[in-house]
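Work through these exercises with the sequence and the model side by side. Try each task before reading its solution.

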Amino acid sequence: MKKVLYRHLFSKILGFSLLFFSISFYAQEEAAADAGGGDPAKGKQLFNQNCAACHALDRKMTGPALANVEARLSEDEGLDKEWLYAWIKNSPGLISSGDSYANAIYAEYNQAAMTPFPTLSDQDIDDILAYTAAPPAKPAAAPAASGGGDGGSASSSGISNEMILGALALVFGLLVVMLILVNKTLRRIAEANGVVLEKEKAEKRLPIWKAFAQNQFLVLVSAIFLLLASAYFAYGWMMQVGVDQGYAPVQPIHFSHKIHAGDNKIDCKYCHSSARVSKTSGIPSLNVCMNCHKSIYQYAGNPEGPSAEDLAAGHTNEFYTAEIKKLYKAVGWDEENQSYTGETQPVQWVRIHNLPDFAYFNHSQHVSVAGVACQTCHGPVEEMEVVEQFAPLTMGWCVNCHRETNVKIEGNAYYEAIHEELSKKYGVEQLTAAMMGGIECGKCHY
């Protein structure tokens with residue numbers, strides 16, 4: 001009988017494969033058991049949706065740090081996962097039941113009751129705990145810069161700008177040399193043929209400045225032109241006195257309207273709340289900033305990373321985080337203990353928009369009554385990294401706006417009767433602010 005080689009090879013490979021998969025599956029089951037059967041990826045999403053407003057993994061916030069909270073409670077307090085289920089789903093109930101550790105946490109954090117989450121299932125909590133037990137992901141190293149954008153595109157095409165400029169310079173140099181050689185050759189041919197090159201004697205002429213001075217008409221026209229040009233430039237310079245359009249001072253704490261009003265869509269009137277009811281828009285109190293920044297203690301940036309413009313200006317994530325620390329120092333906020341120390345420092349903000357004292361302007365009349373958008377006068381602040389004065393804020397600019405803007409009468413009984421009578425007088429359906437007395441001197445100067 002012919003012997004078949006390796007006849008048991010397939011069965012051996014199959015046996016080893018089954019053994020390997022069995023061991024792997026058992027290891028995965030053990031890992032899942034150690035992690036409480038939770039999914040860290042789902043847990044991260046649940047954590048960000050429900051917990052991140054008051055908790056962080058590695059630091060105190062409104063509540064305690066939650067990194068490895070299940071293991072820490074088991075080792076330090078002897079509490080199991082059932083206690084965590086009860087605490088997360090109904091913390092006030094656990095406190096009122098007299099649980100010692102629940103009451104200790106409640107007292108430690110200034111009796112700030114944790115929001116109950118009865119809608120979270122046990123599996124949801126397992127996922128969150130798995131996320132808190134997972135090691136934090138290491139930030140990806142930024143790719144090394146391979147030169148500027150222009151250099152990279154030039155190298156990819158195989159020809160750099162320096163090579164092109166060098167070639168052009170070489171061609172120009174060859175042309176110059178050729179012209180010199182041709183000039184010498186022509187001179188030699190002329191000398192060989194007996195042609196004598198003589199320079200013509202220039203006629204002695206009157207200097208231009210003397211000829212100009214002797215022409216009275218040109219002198220008169222030039223003097224009138226200089227006087228008119230000087231008056232024009234002097235008038236233009238004097239008209240800019242007191243006009244600070246484009247003024248963008250550096251503030252003691254860098255505040256990016258591009259991030260707050262642009263990326264995060266925060267309404268202007270949340271910070272400048274007095275603009276709705278007062279003459280002035282008001283400087284936001286630092287307590288308004290702390291409404292968010294008690295929990296937002298660092299700037300994570302956009303998912304795609306800082307732009308080239310931000311990097312050129314030094315506006316990195318670390319820069320913005322350092323500005324948040326300046327805010328904490330000004331209000332006297334202790335990050336470690338999550339409490340105010342009482343040691344405050346005034347922030348000397350630099351005013352940007354400043355009307356003269358003899359000009360009256362009421363924010364509430366424009367914002368609440370007329371419904372004028374903030375961007376009409378202040379420009380696209382949601383796109384400004386550093387806020388600047390967008391409009392000239394001159395009298396002519398304001399008067400022109402009153403001549404072009406129709407009066408808003410919807411839901412405003414005060415203007416309805418006046419609008420009805422004046423619309424008949426002027427024979428129009430819509431009245432501008434100017435038609436209703438918006439350009440009278442006493443409206444702004446009294």
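**Exercise 1.** Which residues make a nonpolar surface patch of about 440 Å²?

*Solution.* The model is predicted: local features need pLDDT of at least 70, side-chain atom pairs count only at pLDDT 80 or more, and totals for chains, interfaces and linings use all residues. Residues are numbered from 1 along each chain as its sequence is written, and side-chain values use heavy atoms, without hydrogens and water.

Step 1. Phe 212, Phe 217, Leu 218, Val 219 and Val 221 make the patch. (Patch residues have over 30% relative accessible area and no salt bridge; nonpolar side chains are joined within 5 Å.)

Step 2. Four residues, the largest share, come from helix 11, residues 216-239. (Helices are DSSP runs of H or I, at least four residues; strands are runs of E, at least two.)

Step 3. Val 219 lies in helix 11. Val 219 is partly exposed, at 36% relative accessible area. (Buried is under 20%, exposed over 50%, partly exposed in between, with a 1.4 Å probe and protein chains only.)

**Exercise 2.** Which residues of helix 16 are buried, and where do they pack?

*Solution.* Step 1. Tyr 320, Thr 321, Glu 323, Ile 324, Leu 327, Tyr 328, Ala 330 and Val 331 are buried.

Step 2. Down the axis of helix 16, these residues fall within an arc of 165 degrees, so they line one face. (The arc is taken over directions from the axis to the C-beta atoms.)

Step 3. On the other side, Glu 318 and Lys 329 are exposed.

Step 4. The buried residues pack against helix 12, helix 14, strand 1 and strand 2. (Contact means heavy atoms within 4.5 Å.)

Key
Patch = residues over 30% accessible without salt bridge, like charges linked within 9 Å, V, L, I, M, F, W, Y side chains within 5 Å. Areas by Shrake-Rupley, 256 points an atom, 1.4 Å probe, with all protein chains shown as cover. Salt bridge = Lys/Arg side-chain N within 4 Å of Asp/Glu carboxyl O.
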